[in-house]
Structure formats: structure tokens, C-alpha cells
Amino acid sequence: MWHKIAAFIIKFRIVLLIILLAATGIMGYYASKVELSYEFTTAIPTDNAKYVAYQNFRRQFGEDGNMMVIGVQTNDFFSPAFFNDYARLTQRIEKVKSVENVLSIPGAVSLVKDTVTGSLKTIKLVTVLPVTNVDSVKNAFMSLPFYRGVLYNKDANAYLMAVRIDKKVLNSKDRSGVINEILSLADSFGAAHNTIMHYSGLPLIRTEMATRVQKEMRMFLIISFLLTAVILALFFRSFMAVVASMLVVAAGVIWSVGTIELLGYKITLLTALIPPLIVVIGIPNCVYFLNKYHAEYHKHRDKIKALVRMVDRMGIVTLFTNLTAAIGFGVFFFTKSTLLKEFGLVAGINIISIFFISLIFIPALFSFLPPPKVRHIKYLNSGWINNLLTTLTNWVFGHRSWIYVLTIAACIFSVFGILRLRSEAHIVDDLPKSDKVYQDLLFFENNFKGIMPLEIVIDTRSKYGLVKGDAFRRIDTAEQFIKHFPQIGQTLSIIDGIKFATQASFGGDTNNYALSSLFNPKDLLFYMHLSKGKTNLFSKLISTFVDSNMQKARISVNMADIGSKQLPKLLDSIRPRTYQLFDSNKYTVTFTGTSVVFLEGSRFIINSLRDSLILAFIIIFGCMVFLFRSWRILLISMVVNIVPLLITAGIMGWMGIRIKPSTVLVFSVALGITIDVTIRFLVNFKQELSWHDDSIAETVRRTIHDTGLSIIYTSLILIAGFGVFILSDFDGTKSLGYLTSMTLFMAMVTNLTLQPALLMWMDTIQVKKSKAADFLLDEDGEGKPQTKAGDYTP
């Protein structure tokens with residue numbers, strides 16, 4: 001069949017090249033329209049209970065992750081020059097398009113009681129700039145406990161400005177412009193006063209990560225192209241071989257980005273890895289094809305015959321290597337995570353696509369080019385490679401027991417390392433500890449106990465249920481309990497607004513900042529009626545923290561980024577007291593918010609990756625059974641590919657590398673790629689067996705030398721290709737780079753040592769069977785069978 005395919009490609013090469021060029025042009029058009037994704041909640045399925053609860057919360061109360069914070073730490077905050085410039089900064093940020101409101105000390109309001117009507121009204125602390133009497137503003141502000149721990153930390157002289165941004169803009173490409181404008185204004189203020197500015201909040205973190213993803217995607221593409229071009233040039237010593245390979249992977253990259261747009265997806269942290277992955281996966285296709293082409297041409301000096309033999313012998317090998325790689329990635333599509341589904345589908349489709357691109361383009365192009373020159377095939381007799389392969393062969397035939405002992409020792413060492421593995425992830429986990437975004441997050445955690453949102457929704461299950469009983473006092477008790485935890489920063493609810501109003505009703509005395517025993521919850525209905533259509537702080541507080549039916553109330557909590565290991569423990573500590581306060585027969589209490597969704601997403605991705613790895617094993621080794629139809633070959637391929645993964649997991653444990661989505665991803669990626677080398681070796685072994693009178697020993701010896709060169713070079717290309725990810729700003733991408741490179745290196749070693757050693761084990765079994773058969777035949781006097789020692793019958 002493959003001989004006919006080769007003949008077809010050569011015969012219709014012009015038509016096929018035109019079709020390929022046209023298809024690449026179309027995909028290029030769609031690739032130009034692809035957009036970045038700014039959504040970070042797609043890690044879990046849309047029918048997940050926690051995801052549904054979060055979406056219900058967003059519809060009811062609005063976005064919890066649309067606040068950016070700006071912090072300063074100074075002893076001169078209330079000096080006239082600094083304070084007035086800070087007030088002007090607040091006004092400038094308020095004028096930035098898509099900024100909904102800014103909460104800061106100069107923009108703070110106070111509640112005062114109208115002595116005539118007895119009603120409460122809001123007044124701004126700062127009405128006109130410049131402020132001539134800053135001390136009076138300071139004294140007025142410090143008398144308002146409502147803002148304590150929210151806008152300032154008196155002990156640390158740290159001050160905070162909270163900027164709320166339109167959620168629609170945050171999910172669009174315009175978000176970068178808004179964030180950058182805010183940063184520019186704040187940086188100018190900081191430079192003018194020689195003050196370090198600190199920035200954080202989910203809008204900033206997400207924008208920074210999305211922008212870096214885009215930059216790194218371009219950087220990795222350029223570096224991977226240059227690196228693979230250099231390695232290919234050193235390998236083939238042929239300009240056209242390098243150009244042809246680069247054109248193949250360039251087309252693959254265009255197709256991969258075009259596929260993202262065609263499927264209606266956007267570029268995420270995961271799908272951004274696909275184009276450089278296509279480069280490092282597509283290059284081995286070119287190496288396998290060109291290496292076989294040169295080897296065949298070296299034998300009989302016939303270009304067309306060499307191209308046909310190239311497709312005939314390497315077509316099936318390359319198809320199965322790409323198929324298994326596609327399976328390794330494609331199984332992610334069968335998870336329920338949107339993030340993983342998109343990554344798996346796009347990667348799987350384009351790995352198969354790169355096979356067809358290389359299958360058509362390389363033989364078609366080289367049929368028009370002159371045959372290889374002597375210097376182009378000189379690498380086939382490379383001295384150091386041949387010496388290395390001879391050394392490996394000697395080890396396989398002379399020191400097999402040492403190979404087994406070293407492998408078993410490495411596995412035992414790895415098992416103890418695996419026992420040390422722990423699973424933990426943080427919202428900004430992938431950022432290096434020295435990064436400004438991470439350091440600024442620590443600033444807010446140290447001075448304001450964190451800014452990561454946790455939301456608690458209390459549902460009374462009936463209209464006006466909040467004003468009918470003692471729900472408000474229970475909410476106040478719950479707030480006071482939650483504040484005792486050191487990981488918790490400021491809490492905010494309608495209760496704080498009521499206390500604010502109570503303080504104002506009693507002349508502004510700070511001792512009356514409390515939930516008065518005289519407070520009637522039904523009075524809140526009057527305030528809600530007055531606040532309709534108004535935009536002052538108190539009216540916003542009411543509408544933000546209770547629903548229009550007075551059925552649900554929200555406690556908004558700021559907390560530290562304590563990670564996926566500590567967050568469940570914290571929630572488990574809060575829940576019992578909360579459920580005690582809010583009887584399940586009367587209330588429904590929901591814990592939600594970005595922190596909870598992140599925890600669920602991290603757990604879900606890790607479990608999905610584990611399940612997809614198991615599924616990949618089953619499907620890939622099912623393909624191995626179909627291809628080789630031998631349980632011994634299947635057993636050998638399983639051992640050879642499990643050992644590198646086991647060693648990698650062990651090293652992770654010993655090095656203290658945590659299990660998180662980015663590190664678990666390594667195993668599925670590595671399995672899909674390392675199995676390629678195994679298939680390359682075993683297919684060649686199967687093809688050569690009949691040429692050596694079914695002698696396993698001689699076939700193994702020949703296969704090491706025939707496939708070793710291409711295996712070593714393709715492994716080096718893959719290792720270098722994944723190695724470029726080490727340059728990433730994200731620790732997760734770095735981990736993917738060096739852990740995958742390490743796994744690929746060990747896979748190369750096991751495929752060229754352990755695999756042939758295990759094949760020789762088959763030879764030993766065959767020899768024993770032959771001797772047993774000879775003995776039985778001698779006993780019966782019927783003569784010896786014709787099978788030679790060392791022969792193999794599949």
C-alpha cells in the first residue's frame with residue numbers, strides 16, 4: 001500500500017503541492033484572526049456544581065475578580081504635597097475609560113445625620129483640590145472604622161487604592177490598554193514622589209499573564225525554529241534539507257493557529273504551547289524521511305527509487321509515531337475541562353496534519369531537486385555516532401545484567417521519591433518568586449492580609465427573608481468569627497454599612513460603630529428605596545451586598561493566596577461554625593468566588609490529566625498490539641516507556657517539585673512522544689527480522705546501528721525544542737520544558753539499551769524453547785527440528 005502511495009505522490013506532485021499551498025494560505029488567513037483568551041475559569045466543566053454556583057453569584061452580585069489595587073507605603077502620606085497629588089491621581093484614574101469607580105482615602109465618603117430631617121446623607125471628605133487643611137481630612141478619615149484594614153494599615157503606614165473595572169472590558173482585548181493606562185498614571189505619580197508603587201488584583205495578574213503568553217509564544221517559535229535549523233544543518237550539511245524541514249514545520253504552525261480560530265477557540269496558556277510543540281514534533285518527521293532517503297540513495301544512487309523506498313519504509317513508521325503522539329495529546333479532549341479539551345483537540349488534529357504535510361511535501365519537493373551530494377550523506381558514516389552505537393551494542397550483548405540492575409536500582413530510587421510528592425498549587429504559582437507581580441502580591445498579603453476573593457452567600461430562601469428574623473446578627477457573628485483566622489484579611493458585608501450608618505446616627509462616635517440593639521432590619525428597606533438611582537458609596541454598598549428581594553446577602557472576604565492544600569483546610573475550619581449559625585432548614589450557605597473556583601479547577605485538571613494519561617496508555621498500547629501482534633513486544637514497549645516516566649516522577653519527589661497542572665501535563669506529553677522512538681526501533685526490528693533469517697540477536701545488532709543515528713538526532717532535537725521552554729517567565733512552562741527534556745533523554749537511553757536488552761531476553765527464551773524441543777525430539781528419535789538457536793517466530 002505504501003509503495004502505491006509513494007508512486008501517487010511522485011506522479012501527482014505538482015497538484016498536491018498546489019493543494020497544500022492553497023490550504024496553508026487559507027489556514028494563514030484564519031490564523032491572522034486568532035485572539036487571546038482572558039478567561040481563567042474554563043479549567044472546570046460548566047456543569048460542575050462549584051462552577052454553576054460561581055456563575056449564579058456573578059449574575060446576582062456582579063464580578064468578584066474585577067478589582068485592581070494600588071498600594072504605597074510611606075510616612076508622608078498626609079503631607080500636603082503627597083496627599084494632593086494622590087488625590088489628583090485618584091481623579092485621573094476615575095476618568096480612565098472602563099473604570100467604574102475608585103475607592104481611596106481622598107475619594108472616601110462619610111455618613112452624617114441631617115439635624116433637620118433626621119435622615120443620613122453622604123459627604124465626600126475631599127471636595128475641592130488642593131486640600132489646604134490635610135490634617136482635618138486625616139482626622140475625619142481616621143474616625144471612620146469602616147475603612148480600617150480596607151484602605152490603610154496604620155501600623156505599617158501602608159495605603160491602598162481599589163480600582164473597579166468593567167468586567168466586559170476585562171474579557172476583551174481592550175483590557176491591556178486600560179490596565180496599562182492605570183499603570184502609567186500610577187508610575188508617574190511614584191516617580192514624582194520617589195515612591196515604590198505596588199500593583200495587584202486579578203485584572204492585573206490575568207492581563208500580565210495573557211500578555212506574557214503572547215510574547216512567549218512568539219519567542220518560543222523563533223528560538224525553536226533557529227535551534228532546530230542549526231541542529232539540522234549540523235546533521236545533514238544540506239541547505240535544502242534545512243529549508244524543506246523549516247517549510248514543513250512553518251506550514252504546521254500556520255495550520256495549528258488557524259485551527260484554533262476555525263474551531264472558535266482563543267489562545268490560552270495551554271494552546272499557546274501548540275505552535276512550538278508542532279515545531280519540535282514535526283522536525284523528527286523530516287529527519288526520519290530525509291535520513292531514509294539519504295540511506296537508500298547511498299545504496300543504489302537512484303533518486304526516485306530512494307524517494308519511493310523512503311515513503312514505502314518510513315510511511316508506516318511515521319504515521320504510527322505521529323498517531324501515538326496525537327493520542328498522547330488528543331486524550332485531553334475526553335476530559336470535561338474546556339481548557340484541556342481545546343488543547344487536546346487542536347494538538348491532536350495538527351500532529352496528524354504535520355504528518356500529511358511532511359508526507360506530501362518532502363518527496364514532492366525533493367523529486368524536483370538534484371540528488372544528494374557526497375557531503376550531504378557523509379553523516380551516515382559519522383565516526384562518533386558509530387563509536388557510540390558500537391559501545392551501546394557491546395553493553396547490550398556483554399553487560400545485559402548491569403543494564404537490568406541499574407534500571408531496577410533507578411526504579412527503586414524513584415519509587416521512594418514518588419512517595420515524597422505532594423500536590424499544591426497557587427493562583428500565581430507559575431510566576432517566579434522574584435517577579436514584581438509576585439512580590440507586589442506579598443506586599444498586600446503582608447500589609448492587608450491578601451486580596452484574593454472568597455465569597456460567602458447566605459440565602460434565606462424567602463423574599464424579604466433577611467429582614468424578617470435575626471439574619472443580620474447571625475451574619476455579623478459569622479464575620480467576627482471569620483476575621484479571627486490569620487489567613488483572612490478584611491471582610492465586607494451589608495453589616496459594615498449598617499454599622500457605618502449607626503455610627504453616623506450617633507454623631508460619628510467611633511464607639512457606636514456596631515450593630516445597635518435598636519436597629520430594625522426593616523429600616524434597610526427604606527434605605528434601599530432612597531438609594532435607587534444614586535451612585536454614592538452607601539447606595540452601592542446596599543445594592544452590591546444584598547439582592548433586590550432582600551433574600552440573599554453576601555460576605556466578601558479578602559484572603560492570602562494560601563494555595564490548594566491550605567484552602568480546603570481553612571474552609572473546613574470555617575464551615576462548621578457557619579452551618580451552626582445558619583440552620584440548613586432555614587438557610588442555604590454557599591462558599592464561592594475566584595479562590596474556590598481556582599481550587600476546584602486545579603484539583604479537576606490534575607485528576608483529568610491522571611485519567612487522560614491512563615487512557616493514553618490503553619489506546620497507545622492497543623495500537624502497539626495491532627502493529628506488532630505480540631504480547632512480549634507489548635510488554636517490552638510498556639516497560640521501556642514506563643521507566644523514564646517513573647524516574648521523572650521520582651526526581652520530582654526528591655527535588656521537591658510539586659504536583660500541579662503544569663507538572664502533571666509532562667507525563668502525557670512525554671508518553672506521546674517517547675513512544676515514537678520505541679515504535680521507530682521496533683518497526684525497523686520487525687522489518688529487518690526476515691532479512692536475517694529470523695535471528696533476534698543479529699537483528700537487534702543491526703537495528704541499533706540502523707535506527708540509532710536517527711533516534712539520537714531526533715531525541716536531541718526534541719530535547720532542545722522542549723528545552724527552550726526553560727526560558728519562560730512561568731515556572732509551570734519551565735517545568736514542562738526541563739522535565740519533558742529530561743524524560744526524553746532517559747527515553748532515548750532506555751530505547752537504545754534496555755529495549756534491545758529485553759529483546760535479547762526474547763532470544764534467550766527462544767533458545768530455551770529450541771533446546772527443549774530438540775531434547776524431546778531426541779527422546780522420541782525423530783531427529784532435530786530445523787529452527788536455529790536465536791531464531792524468532794512472531
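A: Sorted by class, the residues lining the second largest pocket are six nonpolar, six polar and eight charged. Please keep in mind as we go that this is a predicted model. The lining is made by 20 residues, and those nearest the centre of the pocket are A295, K299, R702, H705 and D706.

At least two residues each come from α10, α11, α13 (383-398), α24 and α25. Of these helices, α10 gives the largest share, with six residues.

Rolling a probe the size of a water molecule over the atoms shows where empty space is left. In this model there are seven cavities of 30 Å³ or more. The second largest cavity has a volume of about 100 Å³, and its lining draws at least two residues from each of α10 (274-300), α11 (303-330), α24 (661-689) and α25 (696-723). Those four helices also each supply at least two residues to the lining of the second largest pocket. In the cavity too, α10 provides the largest share, here four residues.

Which residues line this second largest cavity? They are I281, P284, N285, Y288, T321, N322, I673, D676, V677, T714 and L718. By class, six of the lining residues are nonpolar, four are polar and one is charged.

Side chains of opposite charge can pair when their charged atoms come close. The model holds twelve salt bridges, and one of them joins the side chains of E35 and K266, with 3.8 Å from N to O. This pair ties together distant parts of the chain, 231 residues apart: K266 sits in the loop between α9 (239-262) and α10, while E35 sits in the loop between α2 (13-31) and α3 (49-61).

After α23 comes G656, which has a positive phi near 75 degrees.

Two loops elsewhere have backbone details to look for. The peptide bond from L129 to P130 is cis, with omega near 0 degrees, and P130 lies in the loop between β4 (120-124) and α5 (134-142). R461 is not a glycine, yet its phi is positive, at about 70 degrees; you will find R461 in the loop between β8 (452-459) and α16 (465-468).

Finally, a word on confidence. The average pLDDT of the protein is 83, and 90% of the residues score at least 70. Over residues 528-535, however, pLDDT stays under 50, and the model has nine contacts beyond four places in sequence for them. Residues 782-794 also stay under 50, with 31 such contacts in the model.

Definitions and conventions
Residues are numbered from 1 along each chain as its sequence is written. This is a predicted model: local features need pLDDT of at least 70, side-chain atom pairs count only at pLDDT 80 or more; totals for chains, interfaces and linings use all residues. Side-chain values use heavy atoms; hydrogens and water are left out. On a 1 Å grid over the protein atoms alone, a cavity is a set of points where a 1.4 Å probe fits but cannot get out, and a pocket is an open set with protein on both sides within 12 Å along at least five of seven lines; lining residues have an atom within 4 Å of a point. Grid points are joined across faces, edges and corners, and a volume is the space filled by probe spheres set on the points. Ala, Val, Leu, Ile, Met, Phe, Trp, Tyr, Cys and Pro count as nonpolar, Asp, Glu, Lys and Arg as charged, and the others, Gly among them, as polar. pLDDT is the predictor's confidence in each residue, from 0 to 100. Contact means heavy atoms within 4.5 Å. A salt bridge is a side-chain nitrogen of Lys or Arg within 4 Å of a carboxyl oxygen of Asp or Glu.
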